[in-house]
Amino acid sequence: MYPRFITPDSKPFDPLWLAKATEEIVTRMGKEGQERKYTDFYSVPVYRGIATGYAVGCCLRCFYCWSPLSRDYPESYGEFYSPLRAFEKLVEAARRGIRYGPPHWRALPIRKCRISGCEPTIGREHLLSLLELVEGSDFELFILETNGILLGADKSYARALSRFSKVHVRVSIKAGTPESFTRRTGAIGKYYELPFKALEYLLDAGVSCHAAAMTDPRIMRREERRLIIERLAEIDRRLARNLEEEVIDPYRTTLFRLRKAGVNVEW
């Protein structure tokens, strides 16, 4: 049985094993290629407006994660979409746009798309086929939001992404030490290196990317934040300068996971 969420007595797991186990649940082969599970498609105002597909399943169990329970129970949520159908749903979401309220109703035009919610690199064939469709479309940019585990474990993944001119990758750094990585994600500590490796491989392949990190001082000490910035600077100083720093938002699922993990955060 794979872990659903972190508890104080959780045993660390192998995230590569969990990625494989999750892929067996959230992907399947169909007539139009590898299908993947999604829960919904709609546009949101982040990145100044972006059409978003919400994927099912992840290979980490971060206690501050906002994703719905489709992360923890992938067998119970979502529907399978072929790459073509997922692309069509992104196009539909972009056309619907984002409507802002009175007194002046207007639709924000959408030229960007992404897969978010859980871990989009699970289901490599599906993702690459979807990117092929985005590449030939009117979308200007595809933002790949990832924890970097699979990209850091396999250099060929970054090379495959380098074929696409519209892709920008946002790699989420979870920790600056093995111990903190296990505490926040539930995974074995040595794998904390993989998101950093992912950034190295992406830059080597010429793929546009940046790093993000949950540096909220309520869960991360200043010394660990400094370690992360120093490590990013060793890879490329621009990564350190452009680090996207996050704080925990009190989503219902986040509060549930914090409580299960025994983590107290003042709001």
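Reply: **The largest pocket and its setting**

Of the chain's 267 residues, 55% count as buried (under 20% relative accessible area with a 1.4 Å probe, counting protein chains only). Keep in mind that this is a predicted model, where local features need pLDDT of at least 70 and side-chain atom pairs pLDDT 80 or more, while totals for chains, interfaces and linings use all residues. Residues are numbered from 1 along each chain as its sequence is written, and side-chain values use heavy atoms, leaving out hydrogens and water.

The chain has 10 helices and 11 strands (DSSP runs numbered from the N terminus: H or I of at least four residues, E of at least two). Its radius of gyration, taken over C-alpha atoms, is 18 Å, close to the 18 Å from the globule rule (2.2 Å times the number of residues to the power 0.38), so the chain is as compact as a globular protein of that length.

Lining residues, with an atom within 4 Å of a point, number 32, and Trp-66, Ser-116, Glu-145, Arg-170 and Glu-246 are the closest to the centre. Strands E2 (33–44), E7 (112–116), E8 (141–146) and E9 (167–173) are the elements that each give two or more residues to this lining.

Definitions and conventions:
On a 1 Å grid over the protein atoms alone, a cavity is a set of points where a 1.4 Å probe fits but cannot get out, and a pocket is an open set with protein on both sides within 12 Å along at least five of seven lines; lining residues have an atom within 4 Å of a point. Buried means under 20% relative accessible area, exposed over 50%, partly exposed in between (1.4 Å probe, protein chains only).
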